[in-house]
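Work through the exercises below with the sequence and the 3D structure in view. Try each task before reading its solution.

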Amino acid sequence: MILQANFFAELLSSAKGILITAHRDPDLDAVGSTLGLWHLCRILGVPATVWLADPLPRDCGVLPGAAGIVQVLPDLAGYDHVWVLDASNLNRVREVAQLQAAIQDRVLVNLDHHPDNSQFGHHNLAPIMSSTSELVFWTFVHVSGARIPPKKPVSKADLAALATCLYAGICFDTGRFLHDNVTADTFHAAGDLVAMGADLGLIRHHFFENKSAATYTFMRYVLTHMAVSPLGYVWIDIPREMAEPEIKSVDLIRDMEGTSVALSFRETESDGIKVSLRSKGDFNVSVFAAQFGGGGHVKAAGITLRDMSLSDARLRVLSALEAAL
Ligand SMILES: [Mn+2]
């Protein structure tokens with residue numbers, strides 16, 4: 001599947017100790033892939049620590065091994081590797097100065113799935129793939145748990161813990177296997193992870209069937225205030241006093257029939273107006289966002305507009321959109 005998999009598996013098993021980290025404001029793929037790699041290190045007998053300086057997303061504490069994640073950079077004596085996951089460049093990591101100091105003469109490895117990956121590591125593995133969790137699976141795991149035979153027998157519980165973390169990351173980054181980033185290989189990986197004992201019930205319950213009351217209040221606001229244009233787009237304004245919880249307003253409104261583009265305009269405390277765009281059809285929101293200095297993916301992009309009101313920002317973007325549609 002991945003040509004360099006054996007190289008990276010050898011690299012992992014030959015490390016004396018690995019600091020594992022991921023991008024700032026980690027999402028479930030960042031947490032799932034770093035924890036999955038940490039479980040692999042345990043199985044292979046390689047000392048490892050997951051360092052994530054930001055708080056974890058809600059409920060991530062239920063993932064096996066999450067209790068061992070540290071927020072403060074640990075003492076790295078004896079560690080010779082730093083592995084950065086799910087980040088396309090080093091600046092995506094919180095406390096980058098501390099990280100750079102930690103790297104010094106250590107081996108820097110980058111595992112990522114973003115198309116804009118900058119190959120910042122000494123060793124980089126960054127194919128286009130659904131998620132870094134899927135990448136960790138294809139690089140290091142098969143149904144017996146690791147490409148490199150572990151020194152001692154692997155317990156079913158250890159395999160299941162590894163599988164649960166990777167499955168959670170894949171599930172999140174694919175929108176539960178609905179996004180265009182899903183391939184036959186993604187399902188193959190997911191099937192193997194289920195066979196290894198991934199706890200689907202735990203993932204479903206904590207990450208998809210456990211919305212807070214504040215989330216429902218927010219959903220009610222969005223569904224009440226969304227506006228549909230006869231020109232084929234749908235939009236919502238989110239004023240400053242509405243905190244956006246774990247659910248994104250643009251994802252709540254995008255399924256409206258007869259529309260191909262969804263936009264949310266969110267007023268922030270300090271960062272101006274944040275515009276999130278989604279496309280369901282051929283319209284490339286990344287190209288569209290570029291005229292406002294924004295960017296992203298073909299079907300999901302963002303723009304930040306400063307020094308203007310929410311309504312001015314919306315008028316500018318929507319009139320450009322109507323010209324482009
Ligand atoms: Mn990811």
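**Exercise 1.** Which residue is the bridge partner of Val261 in strand 9?

Solution. The model is predicted, so local features need pLDDT of at least 70 and side-chain atom pairs count only at pLDDT 80 or more, while totals for chains, interfaces and linings use all residues. Residues are numbered from 1 along each chain as its sequence is written. Helices (H or I, at least four residues) and strands (E, at least two) are DSSP runs, numbered from the N terminus.

Step 1. Locate strand 9, residues 273–279. The partner of Val261 there is Ser279.
Step 2. Strands pair if DSSP finds at least two bridges between them. Strand 8 and strand 9 run antiparallel and are joined by seven bridges.
Step 3. Look at the turn: the two strands form a hairpin with five residues between them, and Gly272 in this turn has a positive phi of about 75°.
Step 4. Strand 9 also pairs with strand 11 (residues 300–305), in the antiparallel sense and over six bridges. Here Val275 has Ile303 as its bridge partner.

**Exercise 2.** Is Ser264 buried or exposed?

Solution. Step 1. Find Ser264 in strand 8, which covers residues 261–267.
Step 2. Apply the rule: a residue is buried if 20 or more other C-beta atoms lie within 10 Å of its own, exposed if 12 or fewer, and partly exposed in between, with C-beta atoms placed from the backbone.
Step 3. Ser264 has 26 other C-beta atoms within 10 Å, so Ser264 is buried.
Step 4. List the contacts, where contact means C-beta atoms, placed from the backbone, within 7 Å. Leaving aside neighbours within four places in sequence, the contacts of Ser264 include Trp235, Val250 and Ser276. The C-alpha atoms of Ser264 and Val250 are separated by 5.3 Å, although the two residues are 14 apart along the chain.

**Exercise 3.** In what order do the five strands of the open sheet stand?

Solution. Step 1. The order is 2-1-3-4-5, with parallel pairing.
Step 2. The edges are strand 2 (48–50) and strand 5 (123–125), each pairing on one side only.
Step 3. Start from strand 1 (residues 18–22), which five bridges join to strand 3. Opposite Ile18 stands His81 of strand 3. Three bridges join strand 1 to strand 2, where Ile20 has Val50 as its partner.
Step 4. On to strand 4 (residues 107–111): five bridges join strand 3 to this strand, and Val82 is partnered by Leu108.
Step 5. Check the cover of strand 3 (residues 81–85): five of its five residues are buried. His81, Trp83 and Leu85 point one way, Val82 and Val84 the other.

**Exercise 4.** At what angle do helix 2 and helix 4 pack?

Solution. Step 1. Axes are lines fitted to C-alpha atoms, for helices over the stretch in contact, and angles run from 0 to 180 degrees between N-to-C directions.
Step 2. Helix 2 (residues 28–44) and helix 4 (residues 132–140) pack at about 25°, with their axes 8 Å apart.
Step 3. Angles under 35 degrees count as roughly parallel, over 145 as roughly antiparallel, 65 to 115 as roughly perpendicular and the rest as oblique. The two helices are therefore roughly parallel to each other.
Step 4. Residues making the contact include Gly36 and Leu40 of helix 2 and Val136 and Phe140 of helix 4.

Notes: Two residues are in contact if their C-beta atoms, placed from the backbone, lie within 7 Å.
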